[in-house]
Number of protein chains: 2
Amino acid sequence: MAAGTPVPGRPVRGSQSGRPIMAAFDLLGRRWALRVLWELRDGPVGFRALQERCDDVSPTVLSARLAELREAGLLWQDESKAHQLTATGRDLSRSLKPLLAWSERWAAETPR
Amino acid sequence: MAAGTPVPGRPVRGSQSGRPIMAAFDLLGRRWALRVLWELRDGPVGFRALQERCDDVSPTVLSARLAELREAGLLWQDESKAHQLTATGRDLSRSLKPLLAWSERWAAETPR
DNA sequence: GGCTGGTGCTACAGAATACGTAGCACTATC
DNA sequence: GATAGTGCTACGTATTCTGTAGCACCAGCC
C-alpha cells in the first residue's frame, strides 16, 4: 500500500515526472476518492457513517481509499477513530468548490 | 456504454439522487478521465498523440474515456478526427485550475 | 498500380481493482 | 452476560484496466 500511494515528488502511475498535478490526478482518479473528500468536508465522520454517506461503498475500497488519503496527508483519525480532513485536505476540499458550480452549469445545459 | 456514462439528472453509480456533483464524481473518478481533460486543455489532439501525452495509456481505456466524455458533452471530434473540448469541457478545465495550485501547495508541504 | 509510413481504433487475454457478504474484535449499555 | 453498535478485515466474485497485436484507412511516393 505504502508504495502505491501517489504523493507529489515521486513517479506515480501514469507519470514519471512526479509533477504534483499528476500525483493528484492519480490519487483523485481512483474510485470514491473525490466522494470521500466531499463527504468529509463538514467535519469528522466515522467509518460506518461514511460508508452510508457514500451510498454503501464496499468497506474494502473505503478502507483502501482512506488509507491512501491518510498517507497522502489529506486526512487523519482522531482518538475516537473518526476520519477528518487535515489542513491540506480542507484546502483541497475548497479547491473543489468550482467543480460544484461547474457541475450545476453542466446539468443546466445537459438535455434530460 | 450509453447507459454507463454518468450524466447529471439521472442516477449514477454511487448515487440515486442524480445530483450533478455526484455524476461529476463518477465521471471524473475513472482512471485517466481527469488526465485526458487536462491534456486537451490547449487544443485538439489526435488519438495517438493523446495516448503518448497520457504516458502511453492503453488504447482500450483511452477509447472508453473519450467515448464517455464525448457522451457527457465535454468533448467532440472534428472532421480530422482530432479530439477537443466543447465549451462545457473548457469550462470544466478552467474549474480544475485551483487543483493545479493546490497540488503545488501540497507538494511544498509533503516531505520527500 | 503497389509500397511505405502514419493515424484511428478494436480484439483479446491476463493482471489489477472493486464489489458484496460475512464476520471478528472492541466498546457501551443494559 | 446478553445486546447492539462501531471499526475494520477476509475472501470469493465481478468489473475494470493493461499490454500487445493488428486491422482499416489515408497520403506520399515511385
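This is a predicted model: local features need pLDDT of at least 70, side-chain atom pairs count only at pLDDT 80 or more; totals for chains, interfaces and linings use all residues.
**Entry on DNA strand D.** I began with the residues around DNA strand D and found that 18 residues surround it, the closest being Gly46(A), Phe47(A), Arg48(A), Pro59(A) and Ser58(B). I then looked up which helices supply this surface, and I noted that α3 (47-53) and α4 (59-71) of chain A, together with α4 (59-71) of chain B, each supply at least two of its residues. The most comes from α4(B), which gives four residues to the surface near DNA strand D. When I sorted the residues of this surface by kind, I had eight nonpolar, six polar and four charged.

**Entry on DNA strand C.** I repeated the search for DNA strand C, which 18 residues surround, and here the closest are Ser58(A), Gly46(B), Phe47(B), Arg48(B) and Pro59(B). For this surface I found that α4 of chain A, along with α3 (47-53) and α4 of chain B, each supply at least two residues, and that α4(A) gives the most, with four residues. I sorted the residues near DNA strand C as well, and they divide into eight nonpolar, six polar and four charged.

**Entry on the two copies.** How is chain B laid on chain A? I found that a turn of 180° with a shift of 0.0 Å along the axis does this, with an RMSD of 0.0 Å. The two copies are therefore related as by a two-fold rotation axis. I also noted that the same surface serves both copies, since 100% of the contact residues of chain B recur in chain A. Last, I looked up which residue of chain B comes closest to the rotation axis, and I found Gly29(B), whose C-alpha is at 2.2 Å.

Technical notes
Residues are numbered from 1 along each chain as its sequence is written. Chains are lettered from A and ligands numbered from 1 in the order in which they are written. A residue is near a molecule or strand if its C-beta atom, placed from the backbone, lies within 6 Å of it. Ala, Val, Leu, Ile, Met, Phe, Trp, Tyr, Cys and Pro count as nonpolar, Asp, Glu, Lys and Arg as charged, and the others, Gly among them, as polar. Copies are superposed by least squares on the C-alpha atoms of residues with pLDDT of at least 70 in both. Two residues are in contact if their C-beta atoms, placed from the backbone, lie within 7 Å.
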